[in-house]
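This briefing concerns the structure displayed below. Please keep the coordinates at hand while reading the grouped points.

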Amino acid sequence: MCSSRSAQSDETAPSEAGTAFVCLGLDDMELARDVQHMLFTLFMKCDMRRSGTMGASRQEVEMFPDVALGTRNLKLAPAPMSQADIVVLDREIYAQDGTLIILGEDLALQLRNRGFVGTVVIFSGSDPEELERVRKLAHIDLVFDKCGANLPQMGLQIAAARLAQLRSAASPVFTIQRTPSTGPTITNQTAHTFDGCAGLQQQM
């Protein structure tokens, strides 16, 4: 796992006043974990007391859901705490011997089924067709292509998505619908949007 480092940036992600997001990354490549760490520290100003990256071993991959759900810490020791705000997942996660451990979208579904309510991001170098398919999955919030990723803009979009989730949970959105037979009816709607790689410019 990457060690915490401090840095300054003029373009950082928004957060609620007085708070910082807890962000967890999962990737089987060390360079990609370093990029995730840069995203968390420079461009999202995450709470690095609990934020970090995982995926250096099969054990880290298998225990990632427990860390994201707040039942273990980054050292994999039992430590009950709140869930992470954001998880950033590679799409194809391999063991050191080259065998596929799990797909990011399948891991995301496991997290949702276990009650994870944070923002789920896929950050992958998979084929554009595969990324487009993943982008349409209801349990995935955002998908970004590693090729040419603009980390400052990516950080802003991820943070905005998490803030929208928090505000939606605190204040449900009501809309008025009119029908000829019953007149106005009020329904509770939760908007779910998918974002992609438009405008990504900075080559990793």
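The model is a predicted one.

- E6 and E7 run parallel and are joined by 4 bridges; Ser124 stands opposite Asp145 in E7.

**Loop between E6 and H4**

- Asp127 is located in the loop that links strand E6 (119–124) to helix H4 (128–135).
- Asp127 counts as exposed because its relative accessibility is 51%, and the cut-off for that class is over 50%.
- Asp127 and Asp145 are 18 residues apart along the chain, with 8.9 Å between their C-alpha atoms.

**Helix H2**

- Helix H2 spans residues 58–68, and its buried residues are Glu60, Val61, Phe64, Pro65, Asp66, Val67 and Ala68.
- These buried residues pack against several elements, including strand E1 (23–26), strand E3 (86–89) and helix H3 (104–113).
- Gly70 follows H2 and has a positive phi, near 85°.

**Salt bridges of Asp66**

- Asp66 has a relative accessible area of 18% and is therefore buried, the limit being under 20%.
- One partner of Asp66 is Arg72, with 3.5 Å between the closest N and O atoms; Arg72 is partly exposed at 22% relative accessibility.
- Asp66 also meets Arg114 in a salt bridge with an N to O distance of 2.8 Å.
- Because Asp66 belongs to helix H2 and Arg114 to the loop between H3 and E6, this pair ties together parts that are 48 residues apart in sequence.
- Arg114 counts as partly exposed, at 48% relative accessibility.

- Arg133 and Glu130 form a salt bridge whose closest N and O atoms are 3.2 Å apart.
- The two residues, Arg133 and Glu130, are separated by about one helical turn because they are 3 residues apart in helix H4.
- Both are partly exposed: Arg133 has a relative accessibility of 37%, and Glu130 has a relative accessible area of 29%.
- Through shared partners, salt bridges join Arg91, Glu92, Glu105, Glu130 and Arg133 into one network.

Definitions and conventions:
Residues are numbered from 1 along each chain as its sequence is written. This is a predicted model: local features need pLDDT of at least 70, side-chain atom pairs count only at pLDDT 80 or more; totals for chains, interfaces and linings use all residues. Side-chain values use heavy atoms; hydrogens and water are left out. Buried means under 20% relative accessible area, exposed over 50%, partly exposed in between (1.4 Å probe, protein chains only). Two strands pair if DSSP finds at least two bridges between them. Contact means heavy atoms within 4.5 Å. A salt bridge is a side-chain nitrogen of Lys or Arg within 4 Å of a carboxyl oxygen of Asp or Glu.
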